Amino acid sequence: MDYKVHQRGLAKLALVFFTLIRNLIMTYRDDLRPWAIFKYLPTGENVCVARLRTRTDADAYASLLRQSDGKFEVVFDQPQRVQG
């Protein structure tokens, strides 16, 4: 019984660890690609469809997306750091 309790505790710890690592990687990836293309949906929602490194790349990709139906906007979307 102690083995199973210990095993569950390790599984939870591993899940927390991998979640933290994934969030760090996602934040780092977002830092590398601060230019985002958002699609405006009829419901009023905005959905990020792509993140790119340069404004030029984002504008070019958005112009391709605009050839189809939909409204797309390029924005500089650098995540804010929370200091704790």
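How many residues lie between S1 and S2 in their hairpin? There are 5 residues between these two strands. Gly 44, in the turn, has a positive phi of about 95 degrees.

## Basis of the model

This is a predicted model: local features need pLDDT of at least 70, side-chain atom pairs count only at pLDDT 80 or more, and totals for chains, interfaces and linings use all residues. Residues are numbered from 1 along each chain as its sequence is written, and side-chain values use heavy atoms, with hydrogens and water left out.

## The sheet

Three strands form an open sheet in the order S2-S1-S3, with antiparallel pairing. Strands are DSSP runs of E with at least two residues, helices are runs of H or I with at least four, and both are numbered from the N terminus. Two strands pair if DSSP finds at least two bridges between them. S2 (46-52) and S3 (71-76) are the edge strands; each has a single partner, so one side of each is left without a neighbour in the sheet. On average, neighbouring strands are turned by 30 degrees against each other, direction ignored.

S1 covers residues 35-40 and joins S3 through 6 bridges. Here Ile 37 stands opposite Val 74. S1 also pairs with S2 over 6 bridges. On that side, Trp 35 has Leu 52 as its bridge partner.

## The helix and the core

Helix H2 (residues 55-66) lies across S1, S2 and S3. It runs at about 170 degrees to S3. Such angles run from 0 to 180 degrees between N-to-C directions, with axes fitted to C-alpha atoms, for helices over the stretch in contact (heavy atoms within 4.5 Å).

The largest nonpolar core has 9 residues, including Trp 35, Ile 37, Leu 65 and Val 74. A nonpolar core is a set of buried Ala, Val, Leu, Ile, Met, Phe, Trp, Tyr and Cys residues joined through side-chain atoms within 4.5 Å. H2 gives the largest share, 3 residues. Leu 65 touches Ile 37, Val 49 and Phe 72, not counting residues up to four places away in sequence.

## The aromatic pair

The structure holds 1 aromatic pair. Rings of Phe, Tyr and Trp (its six-membered ring) pair if their centres lie within 6.5 Å; planes under 30 degrees apart are stacked, over 60 edge-to-face, the rest tilted. The two residues are 41 residues apart, Trp 35 in S1 and Phe 76 in S3.

Trp 35 is buried, at 17% relative accessibility. Phe 76 is partly exposed, at 48%. Buried means under 20% relative accessible area, exposed over 50%, and partly exposed in between (1.4 Å probe, protein chains only).
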